Amino acid sequence: MTAEEAATDARSQTASISELTIDQLRDEVAEAARSYPVRPPAQTVSTGRSLREQAERLREQTRVPDQHRELTVLAGQASALLSVAVFDCGELPAARSLARTAGLYAEVARDVPLQAYALGTLAYIAYHQGQPAEALRQVRRAEALGSGVGAQGRRRLQAIAARALGHHGDREQALSVLSATDEVLAEGATDDLHDIGGEFGFSAARCLMSAGTTALLIGDAESAKRASRRALGLAREDDRGVAAKAAVDLGLVLLLAGELDEAAEVLAPLWQLAAEQRGTGLVQRAGRLRAALAAPHYRDSPLALELAERAEDVLRSGNARPPLSP
């Protein structure tokens, strides 16, 4: 009986699953990340939940350390995607909880890029909740992880930091971080997470769009206009959300300068984006757009009234999304 028990215990300790199964799950997580920019966030909530559950089930079936670590990373990546998708559905507390979950998976697996991504997401959420100091704290934690984060991950963190500094009213530091972001754009360092692309990546167009937003926050209209135009020029078909955000930022700059007709022209990417793809960041921008169109000098303009009504439609589409639990 002792020999039989020992054999059973040995088998349980060496239990493994097919590498092909893990390969398939890895491909599905990567595809979910790459397709995120062109899919409704609510759809990714469903997909991300399913992928995380698959990773958890497979983790319980293997005793091979390398497989267990790989599946922990995949569960963390799925949680990270879930966090972003839930955030874009307007559920910020749930998004924060999921970002922390992704960070815990990353800590267990000792995966630095995933840790940095999760902390960056926590910073981004804090910024949108009006907590710029907390956003900066999370960015500093990510930066303290040291090497292992590629150029795309680093410029994502710098973009979030610059936005938080701008929100804080720290113009000089925000400009300094934006300058450093330009340098990172030219770097070629890679890592296994951010180079998947899609939501995990941080394209030049996305970086420039965020720089335009920061410049707008600190009152640098010319820099905001320049960065937003560049973002619009670089945005591809799968960057429609980025193009829409850059278009609103550029439209705001033009409205503040009294250039209503040109603002109406550049806002086309906002109206063209399907309602189900309008995430939290874009909806918040639409609110600022609506406020700008309420300025006294636009009160009697039929074009301004039309644009204001369309901005309200964007706000309604965002507020109409049903609550989604993780």
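These legends go with close-up views of a predicted model.

**View 1. Helix 6, end to end.** Helix 6 runs over residues 112-128, which makes 17 residues. From its first C-alpha to its last it reaches 24 Å, close to the 24 Å expected at 1.5 Å a residue.

View 2. At the start of helix 6, Asp111 points a side-chain oxygen to within 2.9 Å of the backbone nitrogen of Leu114. Now hop to the other end. Just after helix 6 sits Gly130, with a positive phi of about 75°.

View 3. Arg110 belongs to the loop between helix 5 (92-109) and helix 6. Most residues other than glycine have a negative phi. Arg110 is not a glycine, yet its phi is positive, at about 55°. Is Arg110 buried or exposed? With 66% relative accessibility, Arg110 counts as exposed, since the cut-off for that label is over 50%.

**View 4. Helix 6 beside helix 8.** Two packed helices are described by the angle between their axes and the distance between the axes. Here, the axes of helix 6 and helix 8 (residues 151-168) come within 10 Å and cross at roughly 20°. That angle makes helix 6 roughly parallel to helix 8. Their crossing is left-handed. On the helix 6 side, the contact is made by Ala116, Tyr117, Gly120, Thr121, Ala123, Tyr124, Tyr127 and His128. Helix 8 brings Arg156, Leu157, Ile160, Arg163, Ala164 and His167 to that contact.

**View 5. Gly197, tucked into a loop.** You'll find Gly197 in the loop between helix 9 (171-185) and helix 10 (204-217). Its relative accessibility is 15%, so Gly197 counts as buried. Which residues does Gly197 contact, leaving aside neighbours within four places in sequence? They are Ala33 and Arg34.

View 6. Asp239 lies in the loop between helix 11 (221-234) and helix 12 (240-256). At 9% relative accessibility, Asp239 counts as buried, because that label applies under 20%. Not counting residues up to four places away in sequence, Asp239 touches Ser203 and Ala205.

Definitions and conventions. Residues numbered from 1 in each chain as written. Predicted model: local features only at pLDDT ≥ 70, side-chain atom pairs only at ≥ 80, totals over all residues. Heavy atoms only, no water. Helix = DSSP H or I, 4+ residues; strand = E, 2+ residues; numbered from the N terminus. Expected span 1.5 Å × (residues − 1). Polar contact = N/O pair within 3.5 Å; in protein donor to acceptor, adjacent residues only side chain to side chain. Axes fitted to C-alpha atoms, helices over the stretch in contact; angles between N-to-C directions. Parallel < 35°, antiparallel > 145°, perpendicular 65-115°, else oblique. Left-handed = near helix turned anticlockwise from the far one by under 90°. Contact = heavy atoms within 4.5 Å. Buried < 20%, exposed > 50% of the residue type's maximum accessible area, 1.4 Å probe, protein only.
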